[in-house]
Amino acid sequence: MRGHAERLNGLGTTIFAEMSALAVATGSVNLGQGFPDTDGPDSLLEDAIAAIRAGANQYPPGRGIPALRQAIVDHQKRFYDLSYDPDTQVLVTTGATEAIAAALLAFVEPGDEVIALEPYYDSYAAGIAFAGGRRVPVTLRAPSYRLDLDELRAAVTPRTKVLLINTPHNPTGTVLTDAELRGIRDMAVEHDLVVITDEVYEHLVYDDFRHIPLATYDGMADRTVSIGSAGKTFSVTGWKIGWVTGSPDVVTAVTTAKQFLTYVSGSPFQPAVANALALGNDYFDGVRSTLQSRRDLLADGLADLGFEVHRPAGTYFITTDIRPLGHTDGIDFCRLLPERTGVVAIPTQVFYDNKDVGRPLVRWAFCKKEELLQEALTRLQKL
């Protein structure tokens, strides 16, 4: 048999699968994969159970059930004053990962260049490869992890088709500022680019930072593919309910690709997520404050152990530099960590094309119960 397609080269087993398997094999505390160890709100879970019992178990409409599309519209209006038509400007997807893949398939021709902020979530590289595009990294550099607009401008060529923007940014925790977003807007309009914006951590923003969707800027409404998800906000990462909002043309293009990936999914989860999106501000504020205190617990603990800690403005993750502890390679460090301490983390260099920049960096997830974070810090004292 002939070998696999070249587009799969470099896309082997994800680092998450490797490290999660290592966590199970060694009985380690898993601060690698970014999933919470508590369930979402009871009302959400009960609504899904009720939907299953009520028979919501067959194919839903291709773009998602009307109640969820309306709830997404209401959410965008409530939090960002963005107005959408639920029938023509919203698509429900199998998580944000599928939304990203479908958007790339919808807009990228073979040979087109896609600029992505690195370090980037590993599905971005896969989605660009599936579409036949060429990945062009723009690096967010420690310790500030700010976007260098001059570097972004220099990366744009006549072959550039898409900017793939992630804010709040996984894994650095950077939340792009108004000035950075304006710079992205200016380049997108000047060069007639499509912007795919991954905003799954929109409600997980800390301190005095706030999330501003790119779609709110002048000139962006018709060229932005905005992607959201229930998984992070409601602690149901396994439900895989995401969504796309944008102009009717944008949403139709993404729908055309998406319908041949999964067609539809999550039928009983969709009405549950619709109700959850309408929860009061106390829910959203509570999630944020809980995670901020867990961020502080883990960040302070890692700093006390000698790591150089980059405290994130958003997301589930803290990045540390391991060089103060005498280590230089994150992959080697993360492979020996479970055996030596009983803790699992993720080497950040797997999210970089510029491997040297990412080599000494390690990512830790703080979306866990406080006692688990404390146990991890106790175990890490063996270092």
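Q: Which residue lies over the face of Phe317?
A: The model is predicted: local features need pLDDT of at least 70, side-chain atom pairs count only at pLDDT 80 or more, and totals for chains, interfaces and linings use all residues. Residues are numbered from 1 along each chain as its sequence is written, and side-chain values use heavy atoms, with hydrogens and water left out. A charge sits over a ring if NZ of Lys or CZ of Arg is within 6 Å of the ring centre and within 35 degrees of the ring normal. At 3.5 Å from the ring centre of Phe317, the residue over its face is Arg363.

Q: How far from the ring centre of Phe35 is the charged end of Lys368?
A: The charged end of Lys368 sits over the ring of Phe35. Its distance from the ring centre is 3.9 Å.

Q: Why is the pair of Phe79 and Tyr80 tilted?
A: Rings of Phe, Tyr and Trp (its six-membered ring) pair if their centres lie within 6.5 Å; planes under 30 degrees apart count as stacked, over 60 as edge-to-face and the rest as tilted. The centres of Phe79 and Tyr80 are 6.3 Å apart. The pair is tilted because the planes stand at 50°.

Q: Is Tyr80 buried or exposed?
A: Buried means under 20% relative accessible area, exposed over 50%, and partly exposed in between (1.4 Å probe, protein chains only). Phe79, at 28%, is partly exposed. Tyr80 has 14% relative accessibility, so Tyr80 counts as buried.
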